Amino acid sequence: MSTEIHLAFAHPEERAEATSPVDPRDRISLHDYLVDAEIGAFQTERGHTQRLLFNVVVEVRPQTGPVDDDVDRILSYDRITEAISDELAVGRLNLLETLAEHVAERILTAPQAMRAFVRVEKLDRGPGALGVEIVR
C-alpha cells in the first residue's frame with residue numbers, strides 16, 4: 001500500500017505528523033470521543049440519536065516561556081470537547097461535513113491553535129464506521 005493511501009486511512013495524529021511543516025509544532029489530541037446526537041440527511045435518521053465518534057488533533061504554537069503548570073496558558077482538552085458539545089447544542093444538522101467544519105472553526109479561535117484535524121464518524125449507519133475528516 002502506498003504511503004498516500006496509508007495516510008488517507010490513518011489516525012488523524014499520524015496524518016498530522018506526516019504532513020507537519022518544517023517548523024516544529026506541539027499537538028493536543030482527543031481520541032475516540034463518543035457522543036450521541038441526532039444528525040443525518042435521510043428520513044430514517046430523523047427523530048433518534050446515533051453514536052458519533054470524534055478524533056481531533058490540534059497543532060498548537062510551541063509554548064514560549066514557562067508553562068508554570070497553569071492550565072490557562074495552554075489549549076485545554078476542554079476547549080475541544082466544548083467545541084463539540086457547543087456545536088451539537090446549536091441544533092440538528094444534516095451533514096457530518098458541516099459539523100466537522102463548525103467544530104474546527106471553534107477550536108481555531110483559540111490563539112494557540114494553528115491547524116486542526118477533525119474526524120467524525122457515524123457508528124450506527126452500517127456494518128462499519130462512516131465518516132469525514134477535514135484539515136483546517
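Thr 81 is in contact with Leu 30 and Tyr 33, leaving aside its neighbours within four places in sequence; contact means heavy atoms within 4.5 Å. Thr 81 sits in helix H3. Helices (H or I, at least four residues) and strands (E, at least two) are DSSP runs, numbered from the N terminus. Thr 81 and Tyr 33 are 48 residues apart in sequence, yet their C-alpha atoms are 8.3 Å apart. Thr 81 is buried, at a relative accessible area of 18%. Buried means under 20% relative accessible area, exposed over 50%, partly exposed in between (1.4 Å probe, protein chains only).

This is a predicted model: local features need pLDDT of at least 70, side-chain atom pairs count only at pLDDT 80 or more, and totals for chains, interfaces and linings use all residues. Residues are numbered from 1 along each chain as its sequence is written, and side-chain values use heavy atoms, with hydrogens and water left out.

Now the overall layout. The protein has four helices and four strands. Along the sequence they run α-α-β-β-α-α-β-β. Of its 136 residues, 35% count as buried. Among contacts with a separation of 6 or more, 62% join residues 24 or more positions apart.

Strand E3 (residues 113-122) holds Lys 122. Lys 122 is buried, with a relative accessible area of 10%. Beyond four places in sequence, Lys 122 touches several residues, including Ile 39, Glu 45, Leu 96 and Leu 130.

Next, the charge pairs. Side chains of opposite charge can pair when their charged atoms come close. A salt bridge here is a side-chain nitrogen of Lys or Arg within 4 Å of a carboxyl oxygen of Asp or Glu. The count is eight. Arg 115 and Glu 59 form one, at 3.0 Å from N to O. It links strand E3 with strand E2, 56 residues apart. Glu 59 counts as buried at 0% relative accessibility, and Arg 115 counts as buried at 16%. Arg 27 joins Glu 59 and Arg 115 in a network of salt bridges.

Arg 106 and Glu 87 also meet in a salt bridge, at 2.4 Å. Arg 106 lies in helix H4 (residues 96-107) and Glu 87 in helix H3, so the pair ties together parts 19 residues apart in sequence. Arg 106 is partly exposed at 30%, whereas Glu 87 is buried at 8%.

Finally, the loop between strand E2 (50-60) and helix H3 (77-90). Asp 69 lies there. Asp 69 is exposed, with a relative accessible area of 81%.
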